[in-house]
Every structure is written in C-alpha cells, then in structure tokens.
Amino acid sequence: MKLSVPGRATATAVTAAATLLVGGSIAGAAPAPHPAVAAAPDIPVANVKAHLTQLQSIATANGGNRAHGRAGYKASLDYVKAKLDAAGFTTTIQQFTSSGRTGYNLIADWPGGDTNQVVMSGSHLDSVTAGPGINDNGSGSAAVLETALAVSRAGYQPTKHLRFAWWGAEELGLVGSRYYVNNLSSTNRAKISGYLNFDMIGSPNPGYFVYDDDPAIEKTFKDYYAGLGVATEIETEGDGRSDHAPFKNAGVPVGGLFSGADYVKTAAQAAKWGGTSGQAFDRCYHSSCDTTSNINDTALNRNSDAIAYAVWALSS
C-alpha cells in the first residue's frame with residue numbers, strides 16, 4: 001500500500017481473445033433453467049505461500065527488496081509472467097517511466113468470455129525499498145496469481161472475460177495502475193464491469209475489511225464471509241491509497257479486501273477476530289521485517305478463497 005505521491009506515464013494497448021458461449025435445450029422439453037453458477041475452487045494456501053517464498057527469495061537475492069526500478073521488481077514480474085504463460089494466459093507487459101526508472105505492469109487475459117464485460121482483478125507487485133514486501137503486497141499478488149492459475153486448472157469458461165493485473169510503482173503513488181487506466185480508451189474503460197483490488201491480505205494481526213464502493217461487489221465478498229461466520233467491517237484505512245482508486249475515479253465499479261496495515265486493532269476488533277488489541281494489524285508495514293514470517297495463514301487462506309469466490313460469482 002502506497003504513501004500518497006502523484007505519478008505519471010505513457011501508453012500501450014492490451015490485447016484479449018474472445019469466444020462466444022452458446023447453450024441449447026432439448027426440443028419439446030420445458031425451457032432449461034439458467035445454469036447454476038460454477039462453484040469456485042478452494043485455493044490451496046500452500047500454493048499461495050509457495051509464491052511468497054519465491055518472492056522472498058527474489059528480494060533476498062536483489063538487495064532485500066522488490067521495489068520499482070530495481071532488479072527485484074523485474075524478477076518478481078518475470079516469475080509471475082512465466083507461471084501465467086505456462087497456464088495459457090495471454091500476457092502483456094506495459095512499460096512506463098517514474099522517478100527516472102523504468103516500471104512495468106503485467107496484464108494477463110484468460111481467453112474466452114465476453115470482452116465487452118471484463119471482470120478484472122489486480123494487486124501491486126512492488127515493495128518499498130525498505131524490505132521484501134511479503135504482506136505488502138506479496139500477499140495480494142500471490143493470491144491473485146494462484147486464483148488465475150486455478151482458472152486455468154479448472155478450464156473455467158465464464159460468461160464474462162477475465163483479466164488479471166500486477167501493478168508497478170504503486171508505492172510511488174499508484175503510478176502503474178493510473179498509467180493503465182489513463183491510457184485506456186473510453187470504450188475499453190467502459191468494458192470493465194468491475195475491478196477487484198487486493199492489497200495486503202495476510203496481515204499478522206489481521207482484520208477482515210471489505211471495500212464499500214460498489215454495492216454488488218461488496219455484497220459478494222460479504223456473502224462469502226457470512227458463509228464462514230466471519231464478521232467484516234468496511235475498509236477505511238486504505239481508501240484511495242491503493243490501485244482501485246484510478247479505476248474508481250474513471251467510473252469503473254470497484255471492490256476488494258484488506259487485512260489492515262499500521263492502524264491499531266481495537267479491543268472490539270480483537271474480540272471479534274482474535275489477535276492482539278492495541279497492536280497494529282501489521283507491525284512490519286513498510287519495514288525490513290515484512291518477510292514470509294509476517295503472514296497470518298488463516299487470513300491469507302480465507303482471503304485467497306474469497307478472491308476465487310468473487311471472480312467466479314461475478315464472471316458467471
């Protein structure tokens with residue numbers, strides 16, 4: 001999650017493939033009911049953690065961070081891209097310049113679905129220079145990656161088109177996501193039916209926060225958590241401070257999840273969610289200790305499954 005600083009950049013196009021989904025009914029039979037929504041798969045938290053281990057190793061090998069313009073960021077992007085390419089996604093690298101350094105967004109389209117109705121999920125892949133950024137935002141990046149890979153494993157054929165994104169230079173002021181949105185044509189912006197953002201979802205002293213921007217997206221996440229018997233709260237700490245903001249400002253419906261940063265957990269929240277009151281949701285926020293040991297497995301697991309639930313529900 002960024003500290004607010006404005007960013008600028010220049011454009012490039014994103015390509016996507018589409019197929020037409022058709023259905024039929026048996027002659028003479030009663031009209032077929034609308035097909036049931038395909039159940040979202042369970043996202044194996046071990047797989048998500050394996051991606052985090054790789055991001056940690058990349059940071060360790062590259063000066064301890066994965067920040068914009070540094071070797072660790074590009075290595076992180078190459079890791080994610082290789083996984084997506086092998087899984088059958090159409091990937092596009094979008095290049096921009098910020099603070100005198102080259103930055104990159106990675107966009108991955110799943111072939112098929114109505115490209116006039118795009119459900120997009122994203123996270124920022126960069127860390128701050130102070131540390132490896134495993135919760136902020138390896139957690140969101142790894143969960144979005146594993147959800148995309150689950151789409152491939154399932155051979156999922158949604159009605160809507162699925163797009164996934166990993167943003168660069170978020171920590172410098174939402175630079176990568178703003179670049180992407182600003183360089184979409186108004187027609188292509190209008191085709192995005194929803195953008196889902198995941199920035200810090202494995203905080204070690206976690207809360208369960210849901211963005212309250214678009215009512216339909218908000219309800220989707222709240223329904224998932226209601227099914228688990230887990231109470232949620234409206235997300236306020238990161239409002240406008242992450243990559244959903246450029247989409248929201250452009251009129252795209254947005255939503256997302258958050259497990260907390262440097263705000264302090266209250267006694268009421270600790271009673272509701274467990275953990276330690278009077279302590280930050282993430283004491284290692286923007287610090288060198290934001291490593292693989294700075295992750296709550298339960299929060300990471302629940303939020304990863306919630307991402308898949310929303311992707312399936314909103315794209316069917």
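Okay, let's start with helix α3, residues 134-154, which lies across β2, β3 (114-124), β4 and β5 (192-198). Against β3, α3 runs at about 145 degrees. Keep in mind that this is a predicted model.

So what sheet is that helix sitting on? We have an open sheet of 8 strands, with mixed pairing. Reading across, the order is β1-β2-β4-β3-β5-β8-β6-β7. At the edges you find β1 (90-98) and β7 (233-234), and each of those pairs on one side only.

Let me zoom in on one pair in there. Strand β2, residues 101-110, and strand β4, residues 160-167, are antiparallel, with 5 bridges between them.

Helix α9 lies across β3, β4, β5 and β8 (254-258), and its direction is about 145 degrees from that of β4.

The crossing of α1 and α3 is right-handed.

Which residues in α1 meet α3? They are Asn47, Val48, His51, Leu52, Leu55 and Gln56. Over in α3, the residues they meet include Ile134, Gly138, Ala142, Leu145 and Leu149, and also Glu146 and Arg153. By class, that contact of α1 with α3 comes to 8 nonpolar, 5 polar and 2 charged residues.

On to α9, residues 297-315. It packs with α6, residues 215-228, at about 130 degrees, and here the axes are 10 Å apart. That makes α6 and α9 oblique to each other, therefore, by the angle. Their crossing is right-handed.

From α6, the contact brings in Ile217, Thr220, Phe221, Asp223, Tyr224, Tyr225 and Leu228. On the α9 side, among them are Arg302, Asn303, Asp305, Tyr309 and Leu314, plus some alanines, including Ala306 and Ala310. How do the residues of the contact of α6 with α9 divide? We get 10 nonpolar, 2 polar and 3 charged.

To put the picture back together: α3 lies across β2, β3, β4 and β5, and α9 lies across β3, β4, β5 and β8.

Technical notes
Residues numbered from 1 in each chain as written. Predicted model: local features only at pLDDT ≥ 70, side-chain atom pairs only at ≥ 80, totals over all residues. Heavy atoms only, no water. Axes fitted to C-alpha atoms, helices over the stretch in contact; angles between N-to-C directions. Helix = DSSP H or I, 4+ residues; strand = E, 2+ residues; numbered from the N terminus. Parallel < 35°, antiparallel > 145°, perpendicular 65-115°, else oblique. Left-handed = near helix turned anticlockwise from the far one by under 90°. Contact = heavy atoms within 4.5 Å. Nonpolar A, V, L, I, M, F, W, Y, C, P; charged D, E, K, R; others polar. Pairing = 2+ DSSP bridges.
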